[in-house]
Amino acid sequence: MKKWILVSLLFLLVFPLTPASGTDYSASVLSFLKGYRTEVRGQYDAAMEFYNSALKADPGSADIRTGLALLYIKKGEVRKAEELLRQAIEINGKSRNALILLGSLYSATGQARKAKPLYEKCIELDGEDTEAYLYLSSIYIAEKDFAAALKTYQKILSYDDDNVLTLYYIGRLNAELKEYEKAKTYFNKALSLKPNFEPALLDLGTIYEIEGSFDKAIEVYQKILIMDPGNKKALSRIAALYVRKGQYDRAIHEFEKLSDMDKGDVSIRVKIGLLHLEEGRYDEAIREFNFLLASQPNNSAVRYYLAIAWREKGDSREAINQLLKIDPKSEEFSDAMKSLTFLYIKTGAFDEGIEKIKGLVAEKKDDVDFHILLSTLYEEKGEYLSGIGTLEEVRAKHPDNIDVIYQIGMLYEKAGNTDKALEYMGEVLKLDPEYAHALNFIGYTWAEKGINLDKAEDMVKRALKKRPDDGYILDSIGWVYYKKGNYKMALTEILKAYQKLPDDPTIAEHLGDVYMGLGEYRKALDLFAASSKLEKKEDKKKLLEKKMKEVQQKIK
């Protein structure tokens with residue numbers, strides 16, 4: 001038997017042509033079959049002519065209308081399909097095919113309210129219409145009526161308890177409800193019936209990931225790879241899990257397999273490069289990123305990663321060269337300029353950095369971030385007034401920018417004008433009364449001066465409430481206690497600060513002062529010596545030397 005004849009007979013089992021009285025049935029069947037054969041070949045316009053001929057020969061046929069509607073759906077002419085299906089249902093209200101097709105059309109176009117009664121009608125006609133139950137459940141899920149969806153799925157299992165698809169969907173719904181144990185039960189039951197059912201394996205693996213059972217998740221994904229070694233989704237998940245486990249070499253191995261499968265996917269090679277970077281294999285990372293840039297020289301993200309690799313390797317100059325090549329229009333440009341500023345400071349190339357960032361400020365006069373970067377370079381160079389001038393320029397356009405106002409205050413403090421600094425910190429607190437850094441600055445400054453100590457304590461405590469783990473604020477509250485003569489409380493807080501910031505010379509000095517107050521002179525001497533090693537300012541070093549001599553006298 002020819003293939004098209006077999007297909008046509010099968011089609012007639014789905015859409016049986018029931019003749020209406022007074023019709024040319026044989027002509028209708030012949031035209032319908034010709035239409036179907038033509039449709040199968042993708043010749044929709046010709047098929048439509050045959051279907052219309054069939055309908056003309058049998059105008060009362062619901063089935064021909066349903067077949068014609070299906071063709072209109074394929075052509076994207078939804079309104080014509082809807083009209084034909086409604087006509088078919090009017091002719092034969094028990095036409096299951098017309099009901100299910102119109103319901104699906106409504107569901108696909110977001111008209112669930114119209115679709116629901118059509119599926120319910122199908123179920124009324126046949127209490128074991130699995131397709132209708134599944135469609136109806138999907139509507140309940142969209143409506144967030146999960147209980148109704150579960151109840152509908154259970155109806156399928158009442159007459160077909162081995163329905164794999166239903167078991168899977170119940171598992172998914174339970175997973176959505178975070179009922180992971182129930183979800184796993186249903187997924188495993190579906191897999192016991194169909195071990196190679198990939199969706200269930202993927203979702204089961206996902207649950208294990210959520211639960212933190214990474215090894216079990218990997219085991220599940222590997223089952224997929226046994227059946228389908230080229231499954232990129234499973235392989236990608238395994239690689240990602242090795243990253244989460246911190247097993248970067250295993251992750252790289254899996255990503256290499258993925259890259260071999262899809263050489264055009266740049267993101268895989270980027271991940272490999274970043275993993276080498278994370279492992280401190282800077283040469284390998286640099287090689288990966290250079291390889292990618294050879295084919296995509298304008299990829300700003302990759303160039304940014306390359307700059308980081310050079311920086312971590314210790315070649316700041318090459319890192320700077322790469323950062324300077326990043327496209328100003330790219331998403332990475334802002335972060336690149338922050339990294340660039342850091343490198344200029346690290347290498348002491350302040351003038352070069354100032355010239356570069358000044359150019360950006362001239363181009364983007366309203367950009368707060370670039371003005372702050374320029375002010376930071378001036379600050380590191382010791383040109384505080386130039387930094388203040390830069391920030392005042394941008395503040396004229398952004399008068400309520402708290403970060404700018406705060407930074408101006410800090411620069412006045414470094415310039416030796418504490419009163420002006422306090423004035424700016426006061427302006428910050430007018431805009432945000434709980435701005436932690438400004439509260440801390442004022443409180444600490446008053447403590448240093450030995451004034452307003454109760455108010456200083458209140459301010460620093462408010463700052464500490466906002467940032468309880470900030471080592472500098474912990475030092476400030478300890479210093480307030482020290483100034484108030486409460487050395488034991490001071491010791492508790494400044495010890496916390498020193499543990500968090502052991503390389504800060506001022507905190508080490510404060511801890512030494514507290515030990516002096518407590519009469520623990522040897523500890524005080526050790527802390528002053530540690531502070532002196534960390535301190536860069538000569539005047540501070542001299543003060544610390546003086547303190548050490550005083551302590552040594554007491555020890556004798």
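In which loop does Lys 144 lie? Lys 144 is placed in the loop between helix H8 (130-142) and H9, where helices (H or I, at least four residues) and strands (E, at least two) are DSSP runs numbered from the N terminus. The model is a predicted one, in which local features need pLDDT of at least 70 and side-chain atom pairs count only at pLDDT 80 or more, while totals for chains, interfaces and linings use all residues. Residues are numbered from 1 along each chain as its sequence is written, and side-chain values use heavy atoms, with hydrogens and water left out.

**Loop residues with positive phi**

Phi of Lys 144 is near 65°, a positive value in a residue other than glycine. Most residues other than glycine have a negative phi. Lys 144 is exposed, with a relative accessible area of 58%; buried means under 20% relative accessible area, exposed over 50%, and partly exposed in between (1.4 Å probe, protein chains only). Asn 452, in the loop between H26 and helix H27 (453-466), likewise has a positive phi, near 50°, and counts as partly exposed at 37% relative accessibility.

**Pockets**

A pocket is found on a 1 Å grid over the protein atoms alone, as an open set of points where a 1.4 Å probe fits, with protein on both sides within 12 Å along at least five of seven lines, and its lining residues have an atom within 4 Å of a point. Grid points are joined across faces, edges and corners, and a volume is the space filled by probe spheres set on the points.

| Pocket | Volume |
|---|---|
| Largest pocket | About 1800 Å³ |
| Second largest pocket | About 260 Å³ |

The largest pocket is lined by 40 residues, of which Met 410, Lys 414, Tyr 472, Asp 504 and Thr 506 are the closest to its centre. Among the elements that give two or more residues to this lining are helix H22 (368-381), helix H24 (402-414) and helix H32 (538-555), and H26 gives the most, with 7 residues. By class, the lining of the largest pocket has 12 nonpolar, 10 polar and 18 charged residues, where Ala, Val, Leu, Ile, Met, Phe, Trp, Tyr, Cys and Pro count as nonpolar, Asp, Glu, Lys and Arg as charged, and the others, Gly among them, as polar.

For the second largest pocket, the lining comprises 15 residues, and those closest to the centre are Arg 172, Leu 173, Ala 175, Glu 176 and Asp 203. H10 gives the most to this lining, with 5 residues, and the classes here are 10 nonpolar, 1 polar and 4 charged.

**Buried threonines**

Thr 166 lies in helix H10 and counts as buried at 0% relative accessibility. Leaving aside neighbours within four places in sequence, Thr 166 is in contact (heavy atoms within 4.5 Å) with Leu 134, Tyr 153, Ile 156 and Leu 157. Thr 341, in helix H20 (residues 333-347), is buried as well, with a relative accessible area of 3%, and its contacts, with neighbours within four places in sequence again left aside, are Ile 357, Leu 373 and Leu 377.

**Packing of H5 and H6**

The axes of helix H5 (residues 78-91) and helix H6 (residues 96-108) come within 9 Å and cross at roughly 145°; axes are lines fitted to C-alpha atoms, for helices over the stretch in contact, and angles run from 0 to 180 degrees between N-to-C directions. The residues of the contact of H5 with H6 divide into 11 nonpolar, no polar and 2 charged.
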